[in-house]
Amino acid sequence: MIKRIIGLFVILTIGGIVLVSFTPKNRTDLSAYSTAGLDLYYIAPNFNEIEDDLLDNFIYPELGKSYVGFKEALAFKESRGDYGVVNQFGYMGKYQFGIGTLAMIGIKNKNTFLSSPELQERAFYANLSRNKWILRRDLKWFVGKRMNGIVVTESGVLAAAHLAGPGAVKKYLRSGGVDGFADAFGTTIRYYMKRFSGFDTSFVVPDRKAKA
């Protein structure tokens with residue numbers, strides 16, 4: 001029994017000597033890898049914030065808050081400015097018009113519409129003009145007021161009407177922002193009112209019978 005104990009002690013002693021002999025004399029300094037003081041919290045952007053970044057970083061001539069700046073910013077959001085595009089829901093052109101809206105402003109041939117940038121620009125103005133007339137009272141009542149955290153502006157309202165139609169925007173405004181709308185991609189009236197706020201749309205003359 002004593003021999004076994006002595007043998008075990010010898011083995012442990014030898015093992016300890018061997019272990020110490022392999023211990024590096026120069027230890028690695030890990031202080032350079034410390035995360036102290038670093039911001040380790042990150043919140044992923046939501047879809048609309050990503051869209052904001054894309055729109056803000058898109059390179060195009062500086063147009064400011066002019067009418068041209070308004071329509072080009074809206075066109076980029078709708079189609080990336082492509083006159084010939086038709087999306088999966090059938091909306092067409094640079095400003096993504098539906099067949100029903102085109103019919104209301106006097107355009108019946110979609111092929112003619114898609115092949116004519118000039119006609120598309122006239123259609124955009126005519127639709128704005130018609131929407132501005134329909135929403136004339138709401139613009140008078142609500143512009144400058146804060147709703148759902150954003151200040152209502154004429155350009156924001158007209159952009160939202162392009163997205164959702166003037167009837168839906170009227171319901172949204174008159175319900176205090178409660179009666180909302182989202183298109184097939186989840187884009188809301190509130191988002192368009194925020195994204196396109198503060199542009200100068202005084203150039204647009206209200207016209208109930210506007211035609212392209």
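Me: Is the crossing of H6 and H8 left-handed or right-handed?
Reply: Right-handed, in this predicted model.

Me: What angle do H6 and H8 pack at?
Reply: About 110 degrees, with the axes 10 Å apart. H6 covers residues 117-134 and H8 covers residues 154-164. The angle falls between 65 and 115 degrees, so H6 and H8 are roughly perpendicular to each other.

Me: Which residues meet there?
Reply: From H6, Phe124, Asn127, Leu128, Asn131 and Lys132. From H8, Glu154, Leu158, Ala161 and His162. By class, the contact has 4 nonpolar, 3 polar and 2 charged residues.

Me: OK, over to H3. How do the axes of H3 and H8 cross?
Reply: At roughly 35 degrees, and the axes come within 12 Å. H3 is residues 67-79. The crossing of H3 and H8 is right-handed.

Me: And which residues make that contact?
Reply: Phe70, Leu74 and Glu78 on H3. On H8, the residues are Ser155, Leu158, Ala159 and His162. That contact divides into 4 nonpolar, 2 polar and 1 charged.

Me: New topic. What pLDDT does the protein chain average?
Reply: It averages 81, and 68% of the residues score at least 70.

Me: Where does pLDDT stay under 50?
Reply: Over residues 37-51, and over residues 53-60. For 37-51 the model has 5 contacts beyond four places in sequence. For 53-60 it has 8.

Technical notes
Residues numbered from 1 in each chain as written. Predicted model: local features only at pLDDT ≥ 70, side-chain atom pairs only at ≥ 80, totals over all residues. Heavy atoms only, no water. pLDDT = per-residue confidence, 0-100. Contact = heavy atoms within 4.5 Å. Axes fitted to C-alpha atoms, helices over the stretch in contact; angles between N-to-C directions. Helix = DSSP H or I, 4+ residues; strand = E, 2+ residues; numbered from the N terminus. Parallel < 35°, antiparallel > 145°, perpendicular 65-115°, else oblique. Left-handed = near helix turned anticlockwise from the far one by under 90°. Nonpolar A, V, L, I, M, F, W, Y, C, P; charged D, E, K, R; others polar.
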